[in-house]
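Hi everyone, thanks for coming.

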Amino acid sequence: MERKSRFSQWLRRPKSGSDGGDTDTGSAAARSREDLLLAAADAGFPVAPAAHPSGYGCSCERIGCPTPGRHPVSFGWQTVATTDRDKVAAWVRTLPQANFITATGITHDVLDVPVEAGRSALGRLDAAGIDVGPITLGAGFGDGRMLFFTATRGTPDDEDEWWPCELDCHPETMDEHPGLRWHCRGSYVLLPPSTLPGDQPAVTWLRGPELPLPDPLTLLESLTDACAEFNDREPHHHEAHAWPIGR
């Protein structure tokens, strides 16, 4: 019999109405939020609090914040990020509006592509029988971004073997990678159920964090080919409006 994880069962749980009104609805939403973030921590993704939308701006109150609701609240986010369930649960309960990020390059990397390219690549990977692992859908210009979670190549035992890749995506270089972004050491991405300003869609799981992490090289060719095809169709549209999901 196929074994279903607790997270998979939660995803399939019917969203029935409640007779308790707004209070029960709010409590259910809070529990769902906590379940999602604890599932990420249980999967080994280091979690840290992030800013959240404030109207069309950012809770950080920085004038002209370039990434509203998308950045960590602490400058020491790489040190703060943790998989400790108690700490994550405490943050979720004491920061009810906060988004959350996961630090990449510690236990996992993320390959981040335009959603149209991601869907195309995912179809090919599924058809080829390649296990793709966890995937999120997130906001960005147009239809947004699709993020593929993979095993990390960012923490080799020998620092001389540090993974040198021109696709590496760090917080300060996001705008240089409008197509494929490789989030590894020194970068981060938003976790579900993060919300963003205005009418941008929330960050959601397409395939849950309980899935095994693939080697990024098993996905890279399909993702780069799909991005090249996408950019050939809409080069000016996409390059002019590359909005990051991480920083």
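**A walk through the strands**

Let's begin with β5 and strand β7 (residues 145-151), which are joined by seven bridges and run antiparallel. Helices (H or I, at least four residues) and strands (E, at least two) are DSSP runs, numbered from the N terminus, and two strands pair if DSSP finds at least two bridges between them. Before going on: this is a predicted model, where local features need pLDDT of at least 70, side-chain atom pairs count only at pLDDT 80 or more, and totals for chains, interfaces and linings use all residues. Residues are numbered from 1 along each chain as its sequence is written, and side-chain values use heavy atoms, leaving out hydrogens and water.

Back to β7: its Phe-148 stands opposite Leu-111. Which residue is the bridge partner of Leu-111 in β9? That is Trp-182. β5 and strand β9 (residues 181-183) pair in the antiparallel sense, over three bridges.

Now for an open sheet: three strands in the order β1-β4-β10, with antiparallel pairing. Its edge strands, β1 (47-50) and β10 (188-190), each pair on one side only. β1 and strand β4 (residues 99-103) share four bridges, and Val-47 has Thr-102 in β4 as its bridge partner.

Finally, please remember that strands of a sheet pair through backbone hydrogen bonds, either parallel or antiparallel.
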